[in-house]
Amino acid sequence: MIRIENVSLTRGGARILHDVSLTLPKGGLTALIGPNGAGKSSLLSLIARLQPLQTGRISVEGLPVDATPGRVLARTLAVLRQDPGVASRLRVRELVGFGRFPHSRGRLTPEDDAVVAATLDQFDLTPLKERFVETLSGGQRQRALIAMTVAQATDYLLLDEPLNNLDMRYARDLMRRLRARADAGRTIVAVLHDVNQAAAYADRIVALRDGRLVAMGAPAEIMTPETLDAVFGYRMRVVEVDGRPMALHHL
Ligand SMILES: Nc1ncnc2c1ncn2[C@@H]1O[C@H](COP(=O)(O)OP(=O)(O)OP(=O)(O)O)[C@@H](O)[C@H]1O
Ligand SMILES: [Mg+2]
């Protein structure tokens, strides 16, 4: 379970999150949606302790994130950042190997190597494993970063815009994999800009706007013209395809 209680955040004199409280049960896929600047990355970075908590409380699997040793937290929770800086002279297999550090203390065991090899394979990266990350295309690099996060093999996975740069097939592949992991009892939170991906795969959608929680519920509850308007500020048509809501947001 991820428990967020009364979390506010101020940066550079501006209030970025306003008293956010939210509980996400263990297991399942949550999509975090909302316009640019809504506070999605900020909220994720507080959960993953990429920045210090200022007010309120956050716990993951009962561990208070501000009082848990980094190594313990890193075995529980993995995070993909929206703009991870990557050392350029790093090979793909080394990058994915970083995901194993919380388990191996830096020296990979044969078991770690096996996890890295399997993860490279899962993301079609085996032919690219000796390449330097800086030589990859945008989507290949994104897949390598996702593979690193997945290789950490944690019960909790936070992914900030994991679909960035992925083509439609890889985007679908990833969402299906995340769905399968959620079905196997893992807890996944993914920031998604495509509300239709959120509706198709997530168990619940959490919407932020201007640092506030504005809606939360099953896809069918969130995917209404009224709620989407409240989140994004414009009217969309919502149709049903095979029993699933889809927003026609280009029209
Ligand atoms: N270091 C900082 N100093 C001042 N303001 C900041 C800082 N970091 C983030 N912000 C502001 O906080 C707000 C929320 O940013 P955040 O990155 O959480 O948004 P987001 O919902 O992830 O948006 P996007 O969809 O564009 O990624 C934005 O207005 C941003 O400009
Ligand atoms: Mg963001």
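Which residue's side chain meets that of Asp203 in a salt bridge? Select Asp203 together with Arg179: their side chains form this bridge, with an N to O distance of 3.1 Å. A salt bridge here is a side-chain nitrogen of Lys or Arg within 4 Å of a carboxyl oxygen of Asp or Glu.

The model is predicted: local features require pLDDT of at least 70 and side-chain atom pairs count only at pLDDT 80 or more, while totals for chains, interfaces and linings use all residues. Residues are numbered from 1 along each chain as its sequence is written, chains are lettered from A and ligands numbered from 1 in the order in which they are written, and side-chain values use heavy atoms, with hydrogens and water left out.

**The first pair in context**

Remain with Asp203, in the loop between helix 8 (195-201) and strand 9 (204-209), and Arg179, in helix 7 (residues 168-183); the pair therefore ties together parts that are 24 residues apart in sequence. Helices (H or I, at least four residues) and strands (E, at least two) are DSSP runs, numbered from the N terminus. Asp203 is partly exposed, at 31% relative accessibility, whereas Arg179 is buried, at 18%. Buried means under 20% relative accessible area, exposed over 50%, and partly exposed in between (1.4 Å probe, protein chains only).

**Further salt bridges**

Next, select Glu61 and Lys26, whose side chains meet in a salt bridge of 3.2 Å, N to O. Glu61 sits in the loop between strand 4 (55-60) and strand 5 (63-64), and Lys26 in the loop between strand 2 (14-24) and strand 3 (28-33), so this pair ties together parts that are 35 residues apart in sequence. Glu61 is partly exposed, with a relative accessible area of 37%; Lys26 is also partly exposed, with 45%.

Select Asp124, Arg169 and Asp173 to display a linked network of salt bridges. The count of salt bridges comes to 11.

**Ligand 1**

Now centre the view on ligand 1. Of the 13 residues around it, Gly37, Gly39, Lys40, Ser41 and Ser42 come nearest, where a residue is near if one of its heavy atoms lies within 4 Å. Helix 1 (residues 40-47) gives the most to this shell, with three residues.

For individual distances, select Asn36: an N or O atom of its side chain is 2.9 Å from an oxygen atom of ligand 1. At Gly37, a polar backbone atom is 2.8 Å from an oxygen atom of the ligand. Finally, select Glu161, where a polar side-chain atom lies 3.5 Å from an oxygen atom of ligand 1.

Notes: Polar contact = N/O pair within 3.5 Å; in protein donor to acceptor, adjacent residues only side chain to side chain.
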